[in-house]
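Biologist: I'd like to learn how to read a model like this one. Can you take me through it step by step?

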Amino acid sequence: MDIQTWTFIIVGLTFALYIGIAIWSRAGSTKEFYVAGGGVSPLANGLATGADWMSAASFLGMAGIIAFAGYDGSVYLMGWTGGYVLLALLLAPYLRKFGKFTVPDFIGDRYYSNVARTVAVVAALFVSFTYVAGQMRGVGVVFSRFLDVEVNTGVYIGMAVVFFYAFLGGMKGITYTQVAQYCVLIFAFMVPAIFISLMVTGNPVPQIGFASTGEDGVYLLDKLDGLMTELGFTAYTDGTKSMTDMLFITAALMMGTAGLPHVIIRFFTVPKVSDARKSAGYALLFIAILYTTAPAIAVFARTNLIETVEDTPYEEIPAWFTKWENTGLIAWTDKNGDGKIQYLPGEAVEGRQPEFVEGRGAQGQRMISNASSSANELYVDRDITVLANPEIAGLPNWIIALVAAGGLAAALSTAAGLLLVISTSISHDLIKKQIAPDISDKKELWVARFSALLAVVVAGYFGIHPPGFVASVTALAFGLAASSFFPAIIMGIFSKRMNREGAITGMVAGLGITCYYIARFKLGWIGNPETSTQEYWWWGISPEGFGTMGMLVNFAVSILVSRFTPAPPEEVQGIVENIRIPSGAGEAIEH
Amino acid sequence: MDSKQREKYWKENLKYLGILLAIWFLVSFGFGILLVDQLNAFKLGGVKLGFWFAQQGSIYVFVILIFVYVRLMNKLDKKYKLDA
């Protein structure tokens, strides 16, 4: 059977599974809709968190980022796993004990203020929308590459599926579909990785293959370092980022991870405080399987790419090369007219991606209009690393179809988790807590469902018409979470003295300075664009890493302001006393 | 549970947090970034040690840290009879 047929079968089966689970796990009350009734086992919650966390970007992009960034890519590996240690030790158990539905619930109650609650809701909505637009786009892209439909049609199909189980099942439906989606995505990621590791190193475990020798008896990384320095690249295991920037980006990603509402909310679904700790452990374990495999795939892929294409005549290039060239993810310009591919440092094209024009070149290659002046002739999209790997390794068609299903599982599960946060923010934090407090449970459930509908439509709109800045600002989501929620929650738990005034001014200051810095240096919306380049960065910190500075500002301002304003009332100090003690968490409080 | 007991329980929890977070910091920010050049002088199999910590080792340690914390806290909860 060909790839197309296999893809239809496997994607069709997984979708039928997700919908089946959604029907089986319909939500009957707001508690089931918001936190799955608080009855999810730690293992299931760990699996669901893994799927929730690993987006299309993790699944398709992670190995690619590392393959092309080498040591610099480590910030993502450490940043997106280390945050779970903070979650398990500093946040999850206490928020579970607190026992309500959302992050703004905690901020609003702990800081006895609807202003604080509103700041939290706005931040939660902003973070989630930034993130979800990228996911819906990811769904569309995977569909278009594997099923030969328009990107926009892919987005519509994705919207319909996510809406179906988010609308029916809320958190309960999402949790159990995410469990299934984790299994699909990890299987789809590991099978090709194991095959390739076996082929390259003779060892089926990619994590061990990473440290082993290839057929020629040379250690893989030594060989790759050698290949790269010979061509004039920085060695794979050496970085180009400054140490300060590495520290700041890693920290921003860690604190951001720990502050993302769609991750935190998952820990409200387990029965007990000890389960919240345990399920954070399971979640990280399941995430680590993918995150420790990705660097191995990255090394295999980069070595393979250099060995296959560098100085190879275009006529002798393998079939996968021309196939991906036809999709526009690879582009080659014969700059020196020798008919061979030169893969060297520097950007091969001006701007973000190649602009293709009609007609073919002398060797039959596709022509582009924006070739750069550097000697590098080859443009390779990073996403190709995971997508093309099975083909490069010559694996059977069903495995290639499996990768498509895995990519879809990753994108859908993350989108669903985010949509739930958005709908909960609207129906619970805004309508129930602020506008119509005496709304009945049944009515609130319907409001929640319609908020989910609204969220899906808005997310789909962004997926079809992606605002120019979305692609470049995932950093924004992490920076904002790190500079707003993380300090407010930590101090809400660990400091009894932290009060309303301190938390609000801290959140506003942290958010404000981070937004300013990103608008100034990343988006070029403020100030003279000529002075928004790297040499003007404050202390050499990139916009990706500035969330850490925002977080420090938040902590400093909060502590300072709280010292000069009255201590929180007795009953709030009572709340803090209470969340520190794990017993008696019982069920999530109805209210 | 009286307030003295609570205080003691919380202090012990904070002690665990301090130790585990110090290790968390050491393996990632320490071994993976600050000391990476020094550690790269050593090798683990075919991988420079600093690089290995940045791309593999720190993640393994993170997973272990959480499960150690789970065990420590389950014991502590039992000791203070808070595991109900």
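Predicted model: local features only at pLDDT ≥ 70, side-chain atom pairs only at ≥ 80, totals over all residues.

Biologist: Into which domains is chain A divided?

Modeller: Domain 1 covers 3-303 + 395-468, and domain 2 covers 330-380. So you can see that a domain may be written as two stretches of the chain, as domain 1 is here. The centres of the two domains, taken over C-alpha atoms, are 34 Å apart.

Biologist: How many helices and strands are there in chain A?

Modeller: Chain A has 22 helices and 6 strands.

Biologist: And how do I judge the overall shape? What is the radius of gyration of chain A?

Modeller: The idea is to compare the value with what a compact globule of that length would have. For 591 residues that would be near 25 Å, and chain A comes out at 24 Å, so the two agree. Along its principal axes, the C-alpha trace of chain A spans about 80 × 55 × 45 Å. Buried residues account for 59% of chain A. Of the contacts in chain A with a separation of 6 or more, 82% join residues 24 or more positions apart.

Biologist: Now chain B. Which residues does UniProt list as "transmembrane region"?

Modeller: An unreviewed UniProt entry lists residues 16-36 and 51-72 of chain B. Residues 16-36 of chain B are 95% helix and 0% strand, with end C-alpha atoms 27 Å apart. Residues 51-72 of chain B are 100% helix and 0% strand, and their end C-alpha atoms lie 30 Å apart.

Biologist: How many residues of chain B are in contact with chain A?

Modeller: There are 35 from chain B, and they contact 41 residues of chain A. On chain B's side, α1 (3-34), β2 (47-48) and α3 (49-79) each supply at least two residues. The most come from α3(B), with 16 residues. By type, chain B's side has 23 nonpolar, 8 polar and 4 charged residues.

Biologist: What about backbone angles?

Modeller: A:Y112 is not a glycine, yet its phi is positive, about 35°. A:Y112 sits in the loop between α6 (103-110) and α7 (114-147) of chain A. B:K81 also has a positive phi, near 55°, and lies in the segment after α3 of chain B.

Biologist: Is B:K81 buried or exposed?

Modeller: B:K81 counts as exposed, because it has 10 C-beta neighbours inside 10 Å and the cut-off for exposed is 12 or fewer. A:Y112 has 16 other C-beta atoms within 10 Å, so A:Y112 is partly exposed.

Terms used: Residues numbered from 1 in each chain as written. Chains lettered and ligands numbered in written order. UniProt positions renumbered as here; feature names shortened; annotations may be inferred. Helix = DSSP H or I, 4+ residues; strand = E, 2+ residues; numbered from the N terminus. Contact = placed C-beta atoms within 7 Å. Nonpolar A, V, L, I, M, F, W, Y, C, P; charged D, E, K, R; others polar. Rg over C-alpha atoms; globule rule 2.2 N^0.38 Å. Buried ≥ 20, exposed ≤ 12 C-beta atoms within 10 Å, placed from the backbone.
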